[in-house]
Amino acid sequence: GAINVMISGSKLPPPRTANELLSANFGSTRSRPSDTNNNNNNNNEWKEGVFTGPVLVAQGMLDPLNDAKGRASLLRSLRTGVTISPINGGHCPHDELPKDIASAMSNWIKEEQSSSI
C-alpha cells in the first residue's frame with residue numbers, strides 16, 4: 001500500500017529539475033548539435049547523450065502533488081519540441097485513465113509523423 005510507496009520513494013536519487021530532465025545526458029541517445037545554422041554534417045559533431053527530439057508530456061491536470069498547470073507551462077517554455085497533452089487525471093494519469101493516455105500518445109505520434117513528411 002501507501003507505506004511501501006513512501007518507503008520506496010525515500011530510496012530514490014535526488015529529483016532533477018525539469019530543465020535537467022529535458023536536456024539530461026543519459027548516455028543513451030545521439031542528437032545533432034543545437035546549432036542548426038552549422039551546415040557541416042560531419043558525424044563527429046553529433047553530441048552524445050542529449051535528446052533534442054520531440055517530447056510528449058501527458059500531464060495529469062488534477063495532480064495534487066504539484067502545480068500541474070505551472071509545470072505544463074514550464075516544460076513547454078524550456079525548449080522547442082515539447083507538446084503538452086492535458087489529461088483530466090491526477091498524479092498517475094497512466095494508471096487512472098490509460099485510454100486517455102493511449103489516445104494522447106496515438107494522436108501525438110500521428111501529428112509528429114505527419115509533420116515530418
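How many bridges join strand β3 to strand β4, and do the two run parallel or antiparallel? In this predicted model, 6 bridges connect β3, residues 55–60, with β4, residues 82–87. The two strands run parallel.

Individual pairs show how the strands line up. Val55 has Val82 as its bridge partner in β4. Gly60 stands opposite Ile87, also a residue of β4.

Next, follow the chain between these strands. Helix α3 covers residues 68–78. Together, β3, α3 and β4 make a β-α-β unit. Its hand is right-handed.

Now look at the packing. The largest nonpolar core has 7 residues. Its members are Ala18, Val55, Val57, Ala72, Leu75, Val82 and Ile84. Two or more of these residues come from each of β3, α3 and β4. Those elements also make the right-handed unit.

Ile7 lies in helix α1, which spans residues 2–9. Is Ile7 buried, partly exposed or exposed? Its relative accessibility is 41%, so Ile7 counts as partly exposed. The partly exposed class lies between the buried limit, under 20%, and the exposed limit, over 50%.

Key
Residues are numbered from 1 along each chain as its sequence is written. This is a predicted model: local features need pLDDT of at least 70, side-chain atom pairs count only at pLDDT 80 or more; totals for chains, interfaces and linings use all residues. Side-chain values use heavy atoms; hydrogens and water are left out. Two strands pair if DSSP finds at least two bridges between them. Helices (H or I, at least four residues) and strands (E, at least two) are DSSP runs, numbered from the N terminus. A crossover is right-handed if, with the strands pointing away from the viewer, the path from the first strand over the helix to the second runs clockwise. Buried means under 20% relative accessible area, exposed over 50%, partly exposed in between (1.4 Å probe, protein chains only). A nonpolar core is a set of buried Ala, Val, Leu, Ile, Met, Phe, Trp, Tyr and Cys residues joined through side-chain atoms within 4.5 Å.
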